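Biologist: Could you take me through one part of this model up close? I'd like the side where the two chains meet, told as one connected story.

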Amino acid sequence: MAGIYLHIPFCKQACYYCNFHFSTSLAQRPQLIQQMLQEMVLQKDYLGNQPVSSIYFGGGTPSLLPQEDLRQLLDQLYTLFNINTDAEITLEANPDDLSPQKLQELRTAGINRLSIGIQSFHEEDLRWMHRAHNSEQALQCILDAKAAGFKNLTIDLIYGGPTLTDEGWARNVQQAIGLGITHLSCYALTVEPGTALDHFIRKKKMPAVDADKAARHFEQLMNRTAQAGYEHYEISNFALPGWHSRHNSSYWQGQPYLGLGPSAHSFNGHSRQWNLASNAGYIKSLEQGIIPFEREELTPVMMLNEYIMTTLRTSAGCVLDTVAGRFGEDSRDQLLQAAHPFLQKKWMVLKNNALVLTPEGRLFADGIASDLFFS
Amino acid sequence: MKNIRNFCIIAHIDHGKSTLADRLLEHTKTISERDMQAQVLDDMDLEREKGITIKSHAIQMNYSQNGQQYVFNLIDTPGHVDFSYEVSRALAACEGALLLVDAAQGIQAQTISNLYLALENDLEIIPVINKIDMDGAMIPEVQDQIIELIGCKVEDILLASGKTGIGIEEILKAIVERIPAPKGDPEAPLQALIFDSVFNSFRGIIAYYRIYNGTIKKGEKIKFINTDQEYFADEVGILKLGLQPEKEVKTGDVGYIITGIKNAKEVKVGDTITSMANPSKEAIKGFEEVKPMVFAGIFPVNTEDFEELRDCMEKLQLNDASLTFELETSQALGFGFRCGFLGMLHMEIIQERLEREFNQTVITTVPNVSFIAHTTRQETITVNNPSEMPDPSRLERIEEPFIKAQIITKPDYIGNIMTLCLGKRGLLINQSYLTPTRVELIFEMPLTEIVFDFYDKLKSQTRGYASFDYSPIGRRDSDIVKMDILLNGDKVDALSALIHRSRAQDFGRKLCEKLKELLPRQQFMIAIQAAIGAKILARETISAMRKDVTAKCYGGDISRKRKLLEKQKEGKKRMRQIGNVEVPQEAFLAVLKLDE
C-alpha cells in the first residue's frame with residue numbers, strides 16, 4: 001500500500017508559529033497547478049504501480065483551491081496511478097474557507113475526509129496565533145461539514161500557548177469530544193526557527209513557551225480522551241476505534257509515499273527525497289521538465305533509526321520481530337538491552353513483543369528514541 | 001659598516017606600519033609591485049587577520065644616495081603588549097626607529113611604552129605622522145603630542161602617507177642622515193644578538209641576529225652563550241625577501257643562521273651567538289627567560305583525542321617557544337595540558353592555531369595568573385592551577401602579581417575608566433594631560449583583573465578611544481581564594497577559579513546564572529552552586545525537564561527529525577558526566593562568556 005501527498009503552498013495569511021512552505025500570494029496558482037500535473041507524469045512510476053490507499057492534500061491551505069483545480073489534480077492521479085476505489089482522500093481546510101457551498105464542492109470533487117485547522121475554540125488564542133478565522137467560524141464549520149455529509153472529520157488543536165489556560169484547554173478538548181469528532185490531532189505549540197513566533201520571543205515581545213504547561217496539557221489531553229474512548233495511537237493523534245488516519249499511519253509504518261508540489265517529501269523504501277521549497281523555483285524547473293529535488297539514500301542504520309523513532313511514537317510500538325527480521329537478531333538484542341533502563345523506569349513496556357511507551361514515557365519520546373538509536 | 005642602517009618602526013595597531021614598510025620595500029626596489037602581496041612582513045594568516053604582528057621579522061634593502069650605496073635592515077617588531085620582551089630585543093638590534101603616528105588618532109599607550117623602550121636602548125627616533133591625506137587628520141595636534149613626548153623640533157617630524165607614497169623619499173633620506181651607523185669591532189670575538197627565530201618545516205629553526213662584534217662564517221662552529229649549546233653554522237646569510245646565503249655576515253649587519261636545530265626552545269630570543277674559534281666571554285646584556293603570565297587548561301573535546309592533541313601541542317611548541325605546557329588531569333575533562341601563555345592574546349592565538357593549523361577543537365578552562373602561596377609550614381608553592389592551591393587551613397598568605405597599567409584616553413572617558421579600574425581593584429597612581437585632549441592615567445592593578453574581559457570593557461567604556469599598556473611590578477599579598485562550582489553537590493574541577501575574595505560572590509553568581517543557561521534540563525532537578533570551601537556563595541536551580549517530545553512527525557519531518565536525534569545522541573556521547581549530571585562542552589567555556 002502506498003500514499004500520495006500533494007503540497008498546496010498558498011495561504012491567506014501567515015500563522016505566527018508555522019514553518020511549512022507557503023506563499024501568501026496566489027498569483028502563481030495556475031502555473032503551479034499545471035506543473036504539479038506535469039510532475040505527476042514524470043513521477044508516475046515512483047510507486048511502481050503499487051495500489052494507492054490514501055491521497056492527502058496538505059499545505060499551505062488546500063481549501064483555497066477552486067473546485068476545478070482539485071478536479072484536475074485528482075483526475076490526473078486517477079489516470080496515472082493505481083488508486084484504490086475506497087482510498088482515503090483527505091484535504092486540509094481552514095474554517096474560514098468552509099462555506100456550505102464549498103463543502104458541497106469538496107464532496108463532489110471526491111474528498112472523503114476533512115482535516116480542519118481549528119487550533120482553538122477561543123477567540124484570544126486564535127488572535128494570538130494570527131489565524132484567519134474566529135471562534136464562531138471554528139464551531140460553525142464543523143456543524144456545516146457534518147451537515148454536508150462529512151463523517152470522517154479530524155480537527156487540529158494546539159496546546160501550551162501563552163493565552164491558553166489549563167481550564168481553557170480542558171474546554172477545547174471537551175468541545176471536540178462533545179461534537180463527536182472522530183479524530184483529533186493535538187500539537188504542543190512549538191517554536192520553529194525562523195518563524196514569526198521565534199522572532200517575537202527573541203525580541204521579548206512574546207513570552208517563551210512554557211514547557212511545564214505543555215506537559216500539563218498533554219497529560220490532561222491523554223486522560224480526557226482516554227475516558228471518552230479515544231485511542232491514543234500516535235503521540236499527537238487520537239481516534240475513536242476505526243477512525244485512524246490511514247495516510248498518516250502509512251508514514252509511521254514505513255510505507256512508501258509520493259509527495260508532489262514544492263517542498264513535498266517522497267519515500268520509496270530505501271531513499272527519501274524532497275522537492276525545492278520555492279514556488280517560483282519549482283515552476284521554473286518543471287517548465288524545463290526537471291523536478292527540483294534533493295535525495296538521501298538510507299543506510300540500514302538510518303532505516304533502523306527511523307523505524308525506532310516513528311514506531312515508538314505509536315501505540316503499536318516498536319515490534320521486536322520486525323527489527324530482527326529486517327535488521328538482524330543482533331540489532332533486536334542490542335535494542336532490547338538499550339531499552340532496559342526505560343522498561344525499568346516504566347516509561348516503556350513490552351506488549352505483544354513490542355516496545356510500547358507508557359503515558360509517562362510519551363512525554364520523553366524523543367530522548368528515549370535518541371538513546372535507543374544505533375550508530 | 002658605515003653605510004649600514006638598522007632600524008625598526010614603532011607604531012600602534014592600525015597606524016599603518018605594514019603599509020609603510022611595503023612602500024619602503026617598493027621604493028628601494030627590494031620588491032616589485034607585481035610581487036607585492038599586501039603587507040609582506042606579516043606572513044602568518046592570523047597576523048594579517050588580526051592586523052597585528054605576532055612575530056617579528058627582518059628584511060634588507062639597498063638604497064643609494066649621493067653616489068653612496070646603503071644597506072638598510074628593517075626589523076619588524078610585534079605590536080602587542082603580550083610580546084614586550086621580544087620588542088625589547090628587536091629594539092636592541094637597531095640604532096634608530098621610525099615613530100609612526102596616525103594623523104587622525106594621535107599617540108597611543110602602546111606606542112609610548114615601545115617608544116620608552118627605544119629611548120632606553122638609545123635609539124635615534126625619527127617621528128613620522130602617517131595617513132596625512134585622510135579625512136580627520138589633525139596634523140598640528142599630533143605634532144604637538146610628538147614634540148611634548150620626545151622634545152624634538154617641528155621640522156624634525158616627517159609627514160607621510162603609506163597609502164599614496166607621500167613622504168617616503170624623505171623618510172629614506174632621514175634614515176641615512178639621522179640614524180647612526182652601527183658601531184662594533186670587526187676584529188673582536190663574535191657577538192651576535194638573536195632577536196627572533198622562525199620555524200621552517202624543512203630547515204628547522206632559523207635564527208635572526210644582529211652582529212655586534214666580529215664576523216659569522218658559514219661552516220664554523222658556534223655557540224649560544226646563555227644556553228651553552230654548540231652548533232655548526234650550516235648556512236648563514238642575509239634577509240632579502242627570502243633567505244640569501246652568504247659566506248659570511250659582518251659586524252653591524254643583520255642576518256640569519258641555520259644550524260639544524262629542530263626545537264624552538266633551544267633558540268632563545270636575547271641569547272648571544274659567538275664563535276668557538278675565538279669565543280667571546282660575555283653575552284650581550286638584557287637576556288631574560290620568557291615567563292608565562294597566564295595559565296589555562298587545554299583539553300580535547302573528545303577524551304580519546306588526547307594523544308593527537310599532545311602531538312599538535314608539541315609541534316606548535318617547535319615554532320613557538322614561549323608556549324609552555326605540562327600534563328594535567330581533570331575529573332571532568334580527562335587528560336589535557338596546563339599551558340602557560342605570555343598573555344591573553346597569546347592564549348587566543350594558540351587556541352586559534354590549534355584549530356586552524358592542526359584541526360583540533362579544544363576546551364580551554366578558566367585562565368589564571370601565577371600566585372605564590374606560603375603555607376604555615378613555611379613552604380612556598382607556585383600556584384598556576386586552582387588544584388594546586390593549598391587547603392585554607394594550612395595557608396599563611398598568598399601573593400598575587402601586580403602590574404602598572406598605562407591608559408591614554410580623551411578626558412571625556414576619565415570617569416568611565418576610573419569606574420572600571422577601581423572596580424577591578426585598581427589604584428590610581430597618576431593622571432596627567434599629554435595635551436589638552438589627551439590624558440594619561442596610571443593605575444596599579446592586579447594582573448588577574450585584566451586577564452578577564454578588561455580589554456573588551458575598556459573598549460566599550462571608551463568607544464575605542466583608549467589605549468592600554470602594562471608592565472609587571474612584582475607581587476603583593478592578597479586575599480585570593482579558590483572558588484568551586486558544584487553540580488548537585490559534586491565539584492566540577494574544570495570550573496574552579498582563583499579569585500580575590502571581594503570578587504568571588506559576584507563572579508560566582510554570574511557563573512551560576514550562565515551555567516543555568518547552558519546546561520540542558522535533565523529528567524531531575526539540578527542545583528548549581530558556587531562555593532568557597534563549604535560556604536555557598538550563590539545558587540541556581542534547573543528544574544526537571546517535564547517533556548521531551550516533538551509534536552509532529554509526518555512524511556516531511558522524518559528525515560530532519562532523525563538527523564536531529566542522531567545529533568543529540570552524538571552530543572550526549574560528548575557530554576561529560578559530573579555525578580549524575582551531564583554537562584555539555586559549552587558549559588566549560590561559560591566563564592569566558594560571562595558578559596554575553
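Modeller: Quick definition before we dig in: a salt bridge here is a side-chain nitrogen of Lys or Arg within 4 Å of a carboxyl oxygen of Asp or Glu. By that rule, there are 8 salt bridges between chain B and chain A. Bear in mind that this is a predicted model. One of the pairs is B:Arg562 with A:Glu306, whose side chains meet N to O at 2.6 Å. Looking at the chain B side that touches chain A, you'll find 13 charged residues, along with 6 polar and 7 nonpolar ones. Polar contacts turn up too: 26 residue pairs across the interface, counting those with both partners at pLDDT 80 or more.

Now for the extent of the thing. On chain B, 26 residues are in contact with 45 residues of chain A. The two chains bury about 3200 Å² between them, and carbon and sulfur atoms give 55% of that. Three residues stand out on the chain B side: B:Arg546, B:Tyr554 and B:Arg562 supply 22% of the area that chain B buries against chain A, more than any other three residues.

An unreviewed UniProt entry lists B:Lys131 among its "binding site" positions. Its side chain makes a 3.2 Å polar contact with that of B:Asp102, and B:Lys131 counts as partly exposed because its relative accessibility is 21%.

Definitions and conventions:
Residues numbered from 1 in each chain as written. Chains lettered and ligands numbered in written order. Predicted model: local features only at pLDDT ≥ 70, side-chain atom pairs only at ≥ 80, totals over all residues. Heavy atoms only, no water. UniProt positions renumbered as here; feature names shortened; annotations may be inferred. Buried < 20%, exposed > 50% of the residue type's maximum accessible area, 1.4 Å probe, protein only. Polar contact = N/O pair within 3.5 Å; in protein donor to acceptor, adjacent residues only side chain to side chain. Contact = heavy atoms within 4.5 Å. Buried area = accessible area lost by both parts, 1.4 Å probe. Nonpolar A, V, L, I, M, F, W, Y, C, P; charged D, E, K, R; others polar.
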